[in-house]
Amino acid sequence: MSEFDLQTPAAFDPFAEANADNSGAGSKDYVHIRIQQRNGRKSLTTVQGLNKEFSYNKILKDLKKEFCCNGTVVQDPELGQVIQLQGDQRKNVSSFLVQAGIVKKEHIKIHGF
């Protein structure tokens, strides 16, 4: 047996499991709550990834009434519908979504500083 007859192992894909988990029905979809800085101390809270079966306008109406802030629903070509609220409402929105039964706590990701 010469040196060149050794078999090399097949290429190993370290991301094969992650891709397989996300590529089918029943994959975990997260609701992302982010903060965007505007001018000076002004900020904007965005909520994306809610289930399509929910009415975004009704959720927005309840959020605005609950937190005494203004907001809107924006249609983004990449992300779909995104709820925008004035101010830093990340913790308030996450607790509201869990209490209303819209999203489970483990499916919420809060981003920002």
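Colleague: How many bridges join β2 to β4?
Modeller: The model is predicted, and in it β2 and β4 run antiparallel. In this region Gln48 stands opposite Val82, a residue of β4. The number of bridges that join β2 to β4 is five.

Colleague: Strand β4 also pairs with β3. Through how many residues does the hairpin join β3 to β4?
Modeller: The pairing of β3 and β4 is antiparallel and runs over six bridges. Opposite Val73 stands Ile83 of β4. The link from β3 to β4 is a hairpin, and the number of residues it passes through is three.

Colleague: What is the order of the strands in the sheet?
Modeller: The chain has three helices and five strands. The five strands form an open sheet with mixed pairing. Their order is β3-β4-β2-β1-β5.

Colleague: Which strands lie at the edges?
Modeller: An edge strand of this sheet pairs on one side only.

Colleague: What is the average twist from one strand to the next?
Modeller: Strands of a sheet pair through backbone hydrogen bonds, either parallel or antiparallel. Here the twist is taken from one strand to the next, and its average is 25°.

Colleague: Which residue of β2 is the bridge partner of Gln36?
Modeller: Strand β1 covers residues 31–37 and strand β2 covers residues 43–48. The two pair in the antiparallel sense over six bridges. In β2, the partner of Gln36 is Leu44.

Colleague: Helix α2 packs on the sheet. What angle does its direction make with that of β4?
Modeller: Helix α2 spans residues 56–67, and it touches β3 and β4.

Colleague: Is Arg90 buried or exposed?
Modeller: Arg90 lies in helix α3, which covers residues 90–99. Its contacts beyond four places in sequence include Ile33, Thr45 and Phe113. The relative accessible area of Arg90 is 11%, and the cut-off is under 20%, so Arg90 counts as buried.

Colleague: How far apart in space are Arg90 and His111?
Modeller: In sequence the two residues are 21 residues apart. Arg90 touches His111, and also Ile110 and Gly112. From C-alpha to C-alpha, the distance between Arg90 and His111 is 8.5 Å.

Colleague: What share of the residues of the chain counts as buried?
Modeller: The chain exposes about 8,700 Å², and carbon and sulfur atoms supply 49% of that area. The chain has 113 residues, and the share that counts as buried is 27%.

Colleague: Which elements give two or more residues to the lining of the largest pocket?
Modeller: The largest pocket holds about 350 Å³ of space. It is lined by 20 residues, and those closest to its centre are Asp29, Val31, Gly49, Leu50 and Asn51. The elements that give two or more residues to this lining are β1 and β4.

Key
Residues numbered from 1 in each chain as written. Predicted model: local features only at pLDDT ≥ 70, side-chain atom pairs only at ≥ 80, totals over all residues. Heavy atoms only, no water. Helix = DSSP H or I, 4+ residues; strand = E, 2+ residues; numbered from the N terminus. Buried < 20%, exposed > 50% of the residue type's maximum accessible area, 1.4 Å probe, protein only. Contact = heavy atoms within 4.5 Å. Pairing = 2+ DSSP bridges. Axes fitted to C-alpha atoms, helices over the stretch in contact; angles between N-to-C directions. Areas by Shrake-Rupley, 256 points an atom, 1.4 Å probe, with all protein chains shown as cover. 1 Å grid on protein atoms, 1.4 Å probe; cavity = no way out; pocket = protein on both sides within 12 Å on 5 of 7 lines; lining within 4 Å. Points joined across faces, edges and corners; volume = space filled by probe spheres on them.
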